[in-house]
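Thanks for making time for this. I have one structure to go through, and I will keep to a few parts of it.

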Amino acid sequence: QVQLVESGGGLVQTGGSLRLSCTVSGIMFSVYDMGWYRQTPGKQRDLVAGITSGGLTNYADSLKGRLTISRDNAAKTVYLQMNSLKPEDTAVYYCNAVYKNVFLKRDYDYWGQGTQVTVSS
């Protein structure tokens, strides 16, 4: 059974920091590209940051400089360090794992249940 369990969300004041974690089980974590997305009510889920199986990272343009995504393959965990938080960062943050098997032509795509981040003004 595949599980992605997020933690680290909560209530923080403007300018504060949070570190989200997503611990994965049931898959070969090291081959998966990992991502953090966020969603607010009535809006689509948007990519916040991603890290490939090889460690390459990418960030949403509007969030560059405030976020750091990292992974620990031994711990099967991906992290998102968020600094200088703003009220508009308030959202549910979701962890995503993706693996594209080229030979089988099959994509494996899993999501966590989400963790709420609330930034007070």
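This is a predicted model: local features need pLDDT of at least 70, side-chain atom pairs count only at pLDDT 80 or more; totals for chains, interfaces and linings use all residues.

The largest pocket has a volume of about 180 Å³. It is lined by 14 residues, and the closest to its centre are D33, M34, G35, I51 and V98. Which strands supply at least two residues each to this lining? They are β4, residues 33-39, β5, residues 46-51, and β9, residues 91-101. By type, the lining divides into 7 nonpolar, 5 polar and 2 charged residues.

Let me stay with β9, since several other strands can be reached from there. Is β9 mostly covered or mostly open? It is mostly covered, with 8 of its 11 residues buried.

Now its partners. With β4, strand β9 pairs in the antiparallel sense, and there are 7 bridges between the two. One place to look is R38, which stands opposite Y93 of β9. Strand β10, residues 106-111, also pairs antiparallel with β9, over 6 bridges. Here V98, one of the residues closest to the pocket centre, has D109 of β10 as its bridge partner. Between β9 and β10 there is a hairpin with 4 residues between the strands, and in it K105 takes a positive phi near 55 degrees. Then there is β11, residues 115-120, which runs antiparallel to β9 and is joined to it by 3 bridges. On this side, Y93 stands opposite T115.

Next, T115 itself, which lies in β11. Why does T115 count as buried? Its relative accessibility is 11%, and the cut-off for buried is under 20%, so it qualifies. Its side chain reaches the backbone nitrogen of G9 at 3.3 Å. Setting aside neighbours within four places in sequence, T115 is in contact with E6, S7, G9, L20, A91, V92 and Y93.

N101 is another residue to look at, and it is found in β9. Is N101 buried or exposed? With 14% relative accessibility, it counts as buried. A polar atom of the N101 side chain lies 2.8 Å from the backbone nitrogen of L104. Beyond its neighbours within four places in sequence, N101 is in contact with R106 and Y108.

Now back to the other end of the pocket strands. R45 is found in the loop between β4 and β5. At 31% relative accessibility, R45 counts as partly exposed, because that class covers what lies between under 20% and over 50%. What does R45 touch, not counting residues up to four places away in sequence? It touches Y37, R38, Q39, Y94 and W111. With Q39 there is a polar contact of 3.2 Å between the side chains. As for Y94, it is 49 residues away from R45 along the chain, and their C-alpha atoms are separated by 8.7 Å.

Let me turn to another strand, β8, residues 77-82. It is mostly covered too: 5 of its 6 residues are buried. Strand β3, residues 18-25, runs antiparallel to β8 and is joined to it by 6 bridges. There, T23 stands opposite T77. Strand β7, residues 67-72, is also antiparallel to β8, again with 6 bridges, and T68 stands opposite Q81. The strands β7 and β8 form a hairpin with 4 residues between them, and K76 in the turn has a positive phi of about 55 degrees.

Last, the start of the chain. Q1 is found in the segment before β1, which covers residues 3-7. Q1 is exposed, because its relative accessible area is 81% and the cut-off for exposed is over 50%. Apart from neighbours within four places in sequence, Q1 is in contact with S25 and G26. The C-alpha atoms of Q1 and I27 are 8.3 Å apart in space, while the two residues are 26 apart in sequence.

That is what I wanted to show.

Methods: Residues are numbered from 1 along each chain as its sequence is written. Side-chain values use heavy atoms; hydrogens and water are left out. On a 1 Å grid over the protein atoms alone, a cavity is a set of points where a 1.4 Å probe fits but cannot get out, and a pocket is an open set with protein on both sides within 12 Å along at least five of seven lines; lining residues have an atom within 4 Å of a point. Grid points are joined across faces, edges and corners, and a volume is the space filled by probe spheres set on the points. Ala, Val, Leu, Ile, Met, Phe, Trp, Tyr, Cys and Pro count as nonpolar, Asp, Glu, Lys and Arg as charged, and the others, Gly among them, as polar. Buried means under 20% relative accessible area, exposed over 50%, partly exposed in between (1.4 Å probe, protein chains only). Two strands pair if DSSP finds at least two bridges between them. A polar contact is a pair of N or O atoms within 3.5 Å; within protein, one must be able to donate a hydrogen and the other to accept it, and residues adjacent in sequence count only if both atoms are side-chain atoms. Contact means heavy atoms within 4.5 Å.
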